[in-house]
Amino acid sequence: MIKVHIGVDDVDSINGGCTTHYAVKLAWMLYSRGVKFLDYPNIVRLNPAIPWKTRGNGAVALRILVESEDSINDIWELASSTLDEYSGVFRDSKKQPGLILHIGDIPWFFKFIAEKALYDLVPLELVDRLLVKSNSTRVYSPSGRRGLIGAVAAVGCTMETSDHTYELLAYRKQEYWGSRRCVSEGSVIAVDREYGDYLILNYDYEYGRVLITPRGPDPVLLGLRGEDPIVLLEAYKKLEICEPVDYTCLFRTNQHTDAHLHSVDSICSIRPYMCVKVNGIVSSRPIRIPGGHVVFKICSGGCCIDVAAYEPTKSFRDIVEKLREGDLVEVMGCTRPPSSRHGLTINLEKIVVREVARVVEYVNPKCPRCGGTMESVGRGKGFRCRRCGYRDQYASKTPVYVERDLKPGIYEPPRIAFKHLMKPISRFGREKRVFSGVLVDGFIQRVG
Ligand SMILES: [Zn+2]
């Protein structure tokens with residue numbers, strides 16, 4: 001038996017296509033022909049900051065066991081013709097779908113590209129040059145080659161010993177695409193309450209919002225995210241869905257693992273579009289700018305960078321606003337390049353407040369005679385009591401420590417503001433380090 005890895009990316013389109021949907025169609029054809037799967041289909045989310053990202057920036061890998069060279073040829077033919085058919089229906093001239101099929105063990109450079117594509121920019125020329133050297137990789141990119149970066153990264157991101165989660169995706173019948181999704185909010189809340197800790201970010205209680213149903217015309221009806229595939233299947237059955245479902249499929253994924261955050265020692269090594277976690281000292285008091293974004297500056301290693309908690313992070317901004325000069329923090333997020341209006345800026349996803357600085361404020365002195373508040377008479381002319389008129393030309397402002405309304409700790413935005421890769425604090429300490437390779441029955445189903 002031969003191990004085969006299929007990677008695909010950039011099949012999304014504004015007309016309703018979606019990379020995972022193409023992958024599920026292909027996976028179902030393989031599965032119903034009796035092909036053995038070595039893993040759940042993988043959704044690999046890549047650097048969310050890159051400018052030409054797809055919606056959600058998720059690539060997919062299928063890992064299967066194949067009997068012969070002949071079956072590999074058949075599968076390759078099936079995968080590429082299905083891609084043609086799919087991208088023919090959902091034509092989008094901006095898209096550059098990439099499909100690869102790799103035979104055998106995964107070479108080091110796939111893993112290298114996978115790691116880099118999570119937090120940095122990967123030049124297409126680099127991927128092209130490495131692919132040319134790999135005799136056991138077949139490549140199909142009918143209209144531009146950009147999708148190959150994600151396809152290679154998806155195959156290379158094996159998550160065998162790194163943290164991962166699961167998502168059960170249900171797909172809509174095509175005639176329903178674009179219409180309102182029919183999933184009962186009450187059942188989402190009930191399921192979230194019942195399975196609690198095993199589910200991830202399915203409902204935002206603070207803002208009363210269902211998070212499992214996407215908006216927009218894509219074929220996804222809902223995605224239930226969690227820690228365990230069996231629990232997800234069970235929880236899914238309890239959702240009240242009032243429209244026909246086409247396919248369901250369990251994916252293994254790097255979602256909600258913070259896999260995109262690359263530790264850097266100093267702010268000086270941060271380049272545009274990198275996703276980082278970095279320590280620094282707050283060097284400017286946060287300000288709320290028009291649009292509701294809260295912006296401050298941190299420095300380390302002789303370099304400084306702007307950090308922004310954007311308006312969609314809602315109540316998180318109130319915490320960020322409490323920072324003061326001198327606070328020691330670790331910030332996490334992806335960087336936007338500088339523009340005429342702002343410098344290189346980290347889009348804040350989470351913050352660890354390590355040390356809260358003692359902040360001194362200078363206040364007018366108290367009157368030694370009556371205890372009232374004194375006021376300045378003028379520069380260098382001392383102070384006078386407002387109440388009794390006592391004057392002291394040598395008095396000066398007195399330093400007082402400001403009571404800080406911020407405690408050391410880790411802070412995150414509300415659920416509603418979470419993006420695919422962001423790890424909620426509730427998952428800290430629950431990271432998975434192994435994947436058993438055993439799949440639950442019915443991980444992929446054609447319902448309708
Ligand atoms: Zn007085």
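**Entry 1: hairpins**

I looked up the hairpin of strand 13 and strand 14 and found five residues between the strands, with Gly-291 at a positive phi near 100°. Strands here are DSSP runs of E with at least two residues, helices are runs of H or I with at least four, and both are numbered from the N terminus. I noted that this is a predicted model, in which local features need pLDDT of at least 70 and side-chain atom pairs count only at pLDDT 80 or more, while totals for chains, interfaces and linings use all residues. I also noted that residues are numbered from 1 along each chain as its sequence is written.

Strand 13 (residues 275–288) and strand 14 (residues 294–300) are antiparallel and share five bridges; two strands pair if DSSP finds at least two bridges between them. I checked two partners in strand 14: Ile-287 bridges to Val-295, and Arg-288 bridges to Val-294.

Next I followed strand 14 to strand 15 (residues 303–309), an antiparallel pair with seven bridges. Here Val-295 is opposite Ala-308. The hairpin of strand 14 and strand 15 has two residues between the strands, and Gly-301 has a positive phi near 60°.

**Entry 2: other partners of strand 13**

Strand 13 also pairs with strand 16 (residues 328–336), antiparallel, over seven bridges. In that pairing I found Val-276 opposite Gly-333. Strand 12 (residues 262–263) runs parallel to strand 13, and two bridges join them. Ser-263 faces Lys-277 there.

I then looked at an open sheet of three strands, in the order 19-20-21 with antiparallel pairing. Strand 19 (374–376) and strand 21 (391–392) are at the edges with a single partner strand each, so one side of each has no neighbour in the sheet. Strand 19 is joined to strand 20 (residues 383–385) by three bridges, and Glu-375 is opposite Arg-384.

**Entry 3: domains and cores**

I looked for nonpolar cores (sets of buried Ala, Val, Leu, Ile, Met, Phe, Trp, Tyr and Cys residues joined through C-beta atoms within 7 Å). A residue is buried if 20 or more other C-beta atoms lie within 10 Å of its own, exposed if 12 or fewer, and partly exposed in between, with C-beta atoms placed from the backbone. The largest core has 103 residues, and Val-8 and Val-331 are among those with the most contacts inside it. Domain 1 and domain 2 both give residues to this core, so it lies between them. A second, separate core has five residues, including Cys-367 and Phe-383.

I listed the contacts of Val-331, leaving out residues up to four places away in sequence; among them are Val-278, Ile-298 and Val-307. Contact means C-beta atoms, placed from the backbone, within 7 Å.

**Entry 4: helix 7**

In helix 7 (residues 229–237) the buried residues are Leu-232, Ala-235 and Tyr-236. Down the helix axis they fall within an arc of 100°, so they line one face; the arc is that of the directions from the axis to the C-beta atoms. These residues pack against strand 7 (165–172), helix 6 (185–195), strand 10 (220–226) and strand 11 (245–253).

**Entry 5: whole chain**

I ended with totals: the chain has eight helices and 24 strands, and 40% of its 448 residues count as buried.

Conventions:
Contact = placed C-beta atoms within 7 Å. Domains from an automatic or database assignment.
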